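The exercises below are meant to be worked through with the sequence and the coordinates open side by side. Each one sets a task and is followed by a solution in steps.

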There are 2 protein chains.
Amino acid sequence: MLCTLIGLSAATLTMFSFVPQIIRSLRTKSVKDVSPVTLFQFFAGVFLWIIYGILRRDPVIIIANAVTIITLSVLIFLYFKFDKGVK
Amino acid sequence: MLCTLIGLSAATLTMFSFVPQIIRSLRTKSVKDVSPVTLFQFFAGVFLWIIYGILRRDPVIIIANAVTIITLSVLIFLYFKFDKGVK
């Protein structure tokens with residue numbers, strides 16, 4: 001019970017971690033200080049975490065990483081949108 | 001076995017995700033497009049993931065997040081170093 005509660009809190013914090021970055025990028029329309037390698041490496045890692053969660057039948061890992069991959073996809077989309085705009 | 005291998009690959013990718021961002025920030029000495037809220041929210045989340053890993057006795061989760069919290073700490077340090085420099 002406590003374990004699930006801590007897992008859910010951890011998941012909630014990390015899975016929405018990129019939301020403030022999305023808001024900032026939308027506001028400034030600038031992403032030049034953001035590393036695209038970090039974004040893609042994270043994407044690949046989170047994808048594998050989802051597979052790991054499925055294999056370990058751990059719903060917390062699956063849900064947390066599924067939401068993360070969605071927010072991360074939005075950020076990657078914005079990265080290309082605004083990075084292109086600068087050139 | 002396959003499960004552990006996928007978990008370790010996932011962990012390796014995500015725990016070193018911030019390394020390219022650290023390299024970029026060191027090179028450009030600029031962090032103005034990086035959201036500090038994202039960094040702190042991530043830090044709090046990763047900290048709770050470590051507790052969750054300990055409670056679930058999952059070494060992959062513990063190690064992955066322990067390394068992440070170290071690289072994230074370096075990035076937070078750089079954020080304040082270079083953010084201050086701009087003002």
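**Exercise 1. Describe helix 3 of chain A in this predicted model, giving its span, its buried residues and what follows it.**

Solution. Begin with the length: helix 3 of chain A runs over residues 36-55, which makes 20 residues, and its first and last C-alpha atoms are 29 Å apart, close to the 28 Å expected at 1.5 Å a residue. Next, list the buried positions, which are Thr38(A), Leu39(A), Gln41(A), Phe42(A), Gly45(A), Val46(A), Trp49(A), Ile50(A), Tyr52(A) and Gly53(A). Finally, look beyond the helix, where Arg57(A) follows with a positive phi, near 50 degrees.

**Exercise 2. Determine where Ser35(A) lies and which residues it touches.**

Solution. Ser35(A) sits in the loop between helix 2 (18-28) and helix 3 of chain A. Its relative accessible area is 2%, and because the limit for a buried residue is under 20%, Ser35(A) counts as buried. Once neighbours within four places in sequence are left aside, its contacts are Pro20(B), Gln21(B) and Arg24(B). A polar atom of the Ser35(A) side chain also lies 3.2 Å from the backbone nitrogen of Thr38(A), a residue listed among the buried ones of helix 3 of chain A. As for distance within chain A, Ser35(A) and Tyr79(A) are 44 residues apart in sequence, with their C-alpha atoms 9.3 Å apart in space.

**Exercise 3. Characterise the interface of chain B and chain A, from its area to its individual contacts.**

Solution. The two chains bury about 3700 Å² between them, with 64% of that area on carbon and sulfur atoms, and the contact takes 41 residues from chain B and 41 residues from chain A. Two salt bridges are counted between the chains; among them is the pair Arg56(A) and Asp58(B), whose closest N and O atoms are 3.3 Å apart. Polar contacts across the interface number 28 residue pairs. On the side of chain B that touches chain A, two or more residues each come from helix 1 (2-15), helix 2 (18-28), helix 3 (36-55) and helix 4 (59-86) of chain B, and helix 3 of chain B gives the largest share, 13 residues. Not counting residues up to four places away in sequence, Thr14(B) touches Phe42(A), Gly45(A), Val46(A), Trp49(A) and Thr68(B).

**Exercise 4. Explain why Cys3(A) forms no disulfide.**

Solution. The structure holds zero disulfides over all chains. The cysteine sulfur closest to that of Cys3(A) belongs to Cys3(B) and is 16 Å away, so the two are too far apart for a bond, given that a disulfide needs sulfur atoms within 2.5 Å. Cys3(B) is likewise in no disulfide. Cys3(A) is itself buried, at a relative accessible area of 19%.

Terms used. Residues numbered from 1 in each chain as written. Chains lettered and ligands numbered in written order. Predicted model: local features only at pLDDT ≥ 70, side-chain atom pairs only at ≥ 80, totals over all residues. Heavy atoms only, no water. Buried < 20%, exposed > 50% of the residue type's maximum accessible area, 1.4 Å probe, protein only. Helix = DSSP H or I, 4+ residues; strand = E, 2+ residues; numbered from the N terminus. Expected span 1.5 Å × (residues − 1). Contact = heavy atoms within 4.5 Å. Buried area = accessible area lost by both parts, 1.4 Å probe. Salt bridge = Lys/Arg side-chain N within 4 Å of Asp/Glu carboxyl O. Polar contact = N/O pair within 3.5 Å; in protein donor to acceptor, adjacent residues only side chain to side chain.
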